[in-house]
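Dear colleague,

My notes on it follow below.

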Amino acid sequence: MSEGRPETSLSSDVPEFNSAVAQSTASIYERVRGVIPEIEWPVHAAYIAAINKLKVERNALIMAHNYQTPEIYYGVADLTGDSLALARDAAKADADIIVLCGVYFMAETVKMLNRSKTVLIPDLEAGCSLASSITAEDVRLLRKRHPGVPVVTYVNTSAAVKAESDICCTSSNAVEVVESLGVDEVIFLPDEYLGKYVASNTRTRMILWNGHCEVHERFTAEDLRAYRKSYGGIVILAHAECPPDVLAEADFVGSTSGMIRYVADQRPSRVVMITECSMSDNVAVEFPEVEFIRPCNLCPHMKRITLPKVLHSLQSMEYAVEVDPQIAERGRQAVQRMLDLRKRKAR
Ligand code: 13P
Ligand code: SF4
């Protein structure tokens, strides 16, 4: 993905922590003190103050996925959410610049929906094992092998793959998207496990690809059984990208936002989120009365985004995401068909 692109580099100016910074960031720290140690705060606070000042000067909007660390999620983000929310909100954004704190396919999606805006990603290497599991050529070959069968593509894919697809989906609407087509069979790409989960919730036959999320595939059913044994009364929420035997052990399966909604609605006294580490930190801030058991599987791509890189991005206008106009238009149509689906019930 980043072949031929410059290496991400950082400016050497480290912002200063002083009393004005301490004051301007005090209310943020009050919120996150349960998940960010006090000793770390001055470093984060100096960057947060500098970023928040510069984003106003630049008329920039910062979007952050639910897997971003709390200092980004609560410190500088204007909009947060799952892949669907970020795509939907991006289409409504009226800033000149959008800084996407997430991974490259998300920034491409935002760019396709906002062609006139500058879309920046703070680190070009923030990829995704699902997105890199399939190419546009693979999709063309699948279409040849299964003529007339529509292609439903998870948003965790490159713009070029989206451009070869009929409609996109996210983990919060995959079943609805598949059923909306009203056909007997679909090609579902590239997440095999999400595809199997959809297949278990619909009569539509699914032709699957063998892409996997390197974070969610590491969880095992045995891990979940051990949580139940060690933590009485625990409620297990699992992301739909997990393997089928893991999902079978869970009490709830959904997208990142679906999991957050579950905690907000049900207020379990003890919960474990079978997904990326930072999710639990971010949700724990909102629900201090809930006990979170925190397994830690990090997404190395999401974790490439840091406050120093966000500041550098706003200072240098790097790295602007560009998508070939023809690919962007075809990819946008596949995303837009998903966004246009009304009466979708988030899972
Ligand atoms: P959602 O936020 O759409 O659930 O996706 C999870 C994910 O792994 C994004 O890369
Ligand atoms: Fe991709 Fe998995 Fe990381 Fe999400 S968590 S960006 S699906 S590798």
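Is S278 buried or exposed? S278 is buried, because its relative accessible area is 4%, and buried means under 20% whereas exposed means over 50%, with partly exposed in between (1.4 Å probe, protein chains only). S278 lies in helix α13, residues 277–286, where helices (H or I, at least four residues) and strands (E, at least two) are DSSP runs numbered from the N terminus. Neighbours within four places in sequence aside, S278 is in contact (heavy atoms within 4.5 Å) with N66, Y67, Q68, T69 and K303.

Please keep in mind that this is a predicted model, in which local features need pLDDT of at least 70 and side-chain atom pairs count only at pLDDT 80 or more, while totals for chains, interfaces and linings use all residues. Residues are numbered from 1 along each chain as its sequence is written, chains are lettered from A and ligands numbered from 1 in the order in which they are written, and side-chain values use heavy atoms, with hydrogens and water left out.

Around ligand 2, with a heavy atom within 4 Å of it, are Y67, V103, C128, S129, L130, N156, C213, V215, E241, C299 and H301.

In strand β5 (residues 151–154), V151 and T153 point one way while V152 and Y154 point the other way, and all are buried. Strands pair if DSSP finds at least two bridges between them, and β5 runs parallel both to β7 (residues 185–189), over 3 bridges, and to β6 (residues 167–169), also over 3 bridges. T153 stands opposite L189 in β7, and Y154 stands opposite C169 in β6.
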